[in-house]
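The following exercises concern side-chain contacts in a protein model.

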Amino acid sequence: KRVFNMSDDISGIIFNDGETYERYMGVWSRKVGAQFIDWVRFPNSLDFLDVGCGNGAFSVQIDELCSPSSISGIDPSPAQIEFARSRKINVSSSFEVGDSMDLPYQNEKFDVSLMALVIFFVPDPKKGVTEMARVTKPGGILAAYAWDVISGGLPMEPMHKIMREMGIKYPLPPSIEASQKSEMKKLWKNIGMKEVETSTFHVERSFKSFEEYWAISSLGPSVIGALNELSSEVVDGIKLKLNETLERDKDNNIVSRAFANAVKGIKAGGIADN
């Protein structure tokens with residue numbers, strides 16, 4: 001396992017602006033979200049809960065790709081929820097500010113409960129997953145996916161690597177171990193989920209120039225705060241090293257890669273179990 005020489009102070013990870021998040025993470029989120037949806041294969045006409053819905057990027061994909069009956073989203077950031085509410089969603093939807101470890105919903109309300117790129121932000125993942133299970137109907141689906149932080153799967157890993165080498169601290173989510181398939185499987189099995197499976201999804205994104213890559217990547221929630229505290233000379237040094245190390249394709253576009261782990265399971269007590 002890699003040893004992290006950095007702060008895991010969640011307060012340094014900034015998610016208070018739906019539009020900035022959309023430019024940086026929205027594109028990555030949609031790429032991995034489409035693969036995740038394809039893998040889980042949700043039946044039509046289900047009631048979905050999107051836990052840690054952020055600015056609603058994944059809720060829109062549920063709407064477009066899953067033929068749901070309804071979508072509910074919850075997130076701790078009022079600004080992100082405001083952005084999510086402004087999105088066009090074709091089915092009945094509601095977005096509210098709240099805590100993943102204390103969901104404000106009745107027992108067995110949803111057919112599907114999901115965490116998209118969120119489980120590592122939950123201070124106590126087991127508590128969060130237990131809450132998701134509580135609000136899911138027997139026979140319903142519980143699923144999650146998260147960037148593989150420990151193995152270098154984050155989209156901002158190239159910049160993180162340089163910052164580590166330079167001894168610059170940057171914040172990471174509080175529960176990075178929950179991004180591992182073995183840990184996901186254990187969490188799902190420990191709360192009694194059936195038919196538990198895991199998978200990994202690889203995604204890539206290209207940028208026409210280093211300027212474009214930097215303009216978008218420097219907005220990454222785990223680096224923007226750290227970069228703002230550095231001198232312009234140090235930031236220039238990071239840019240120089242990054243420009244030298246990034247992968248390029250035959251047309252000289254920058255190719256950036258990321259990968260996420262996923263888990264899915266069925267809540268016991270459905271018709272098939274009786």
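## Exercise 1: An aromatic pair

Phe-42 has a relative accessible area of 10% and is therefore buried. The model in which this residue is examined is a predicted one.

**Task.** Determine which geometry the ring pair of Phe-42 and Phe-48 adopts.

**Solution.** The whole structure contains 13 aromatic pairs according to the search. In the pair of Phe-42 and Phe-48, the ring centres are 5.2 Å apart and the planes meet at 70°, so the arrangement is edge-to-face. The cut-off for this class is an angle over 60 degrees. Phe-48 is likewise classed as buried, its relative accessibility being 0%.

## Exercise 2: A pair across the sequence

**Task.** Classify the ring pair of Phe-58 and Tyr-145, and state which parts of the chain it ties together.

**Solution.** Step one concerns geometry: the centres of the two rings, Phe-58 and Tyr-145, lie 5.6 Å apart with the planes at 75°, so this pair is edge-to-face. Step two locates the partners: Phe-58 belongs to helix α2 (residues 57-65) and Tyr-145 to strand β5 (residues 136-147), so the pair ties together parts 87 residues apart in sequence. Step three considers accessibility: Phe-58 is buried at 3%, and Tyr-145 is buried at 0%.

Step four places the pair in its surroundings. Ring pairs join Phe-58 and Tyr-145 with Phe-36, Trp-39, Phe-42, Phe-48 and Phe-201 in a cluster. Trp-39 also has a charged neighbour: the charged end of Lys-264 sits over its ring, 4.4 Å from the centre.

## Exercise 3: Salt bridges within and between elements

**Task.** Describe how Glu-165 and Lys-161 are placed relative to each other in helix α5, and identify which strands hold Glu-204 and Arg-257.

**Solution.** The search of the whole structure gives nine salt bridges. One of them joins Glu-165 to Lys-161, with 3.1 Å between the closest N and O atoms. Both residues lie in helix α5 (residues 157-165), four residues apart, and are thus separated by about one helical turn. An α-helix has 3.6 residues a turn, so residues three or four places apart point the same way. Glu-165 is exposed, at 56% relative accessible area, and Lys-161 is partly exposed, at 44%.

Glu-204 and Arg-257 form another salt bridge, with an N to O distance of 2.4 Å. This pair links distant parts of the chain, 53 residues apart: Glu-204 is in strand β6 (residues 194-207) and Arg-257 in strand β8 (residues 254-266). Glu-204 is partly exposed at 42%, as is Arg-257 at 43%. Elsewhere, salt bridges with shared partners connect Asp-47, Asp-111 and Lys-137 in one network.

## Exercise 4: The buried residues of α5

**Task.** State which residues of α5 are buried and which helices they pack against.

**Solution.** The buried residues of α5 are Glu-157, Met-159, His-160, Ile-162, Met-163 and Arg-164. They pack against three helices, namely α7 (210-217), α8 (224-228) and α9 (232-245).

Following α5 comes Gly-167, with a positive phi near 70°.

Note on methods: Residues are numbered from 1 along each chain as its sequence is written. This is a predicted model: local features need pLDDT of at least 70, side-chain atom pairs count only at pLDDT 80 or more; totals for chains, interfaces and linings use all residues. Side-chain values use heavy atoms; hydrogens and water are left out. Rings of Phe, Tyr and Trp (its six-membered ring) pair if their centres lie within 6.5 Å; planes under 30 degrees apart count as stacked, over 60 as edge-to-face and the rest as tilted. Buried means under 20% relative accessible area, exposed over 50%, partly exposed in between (1.4 Å probe, protein chains only). Helices (H or I, at least four residues) and strands (E, at least two) are DSSP runs, numbered from the N terminus. A charge sits over a ring if NZ of Lys or CZ of Arg is within 6 Å of the ring centre and within 35 degrees of the ring normal. A salt bridge is a side-chain nitrogen of Lys or Arg within 4 Å of a carboxyl oxygen of Asp or Glu. Contact means heavy atoms within 4.5 Å.
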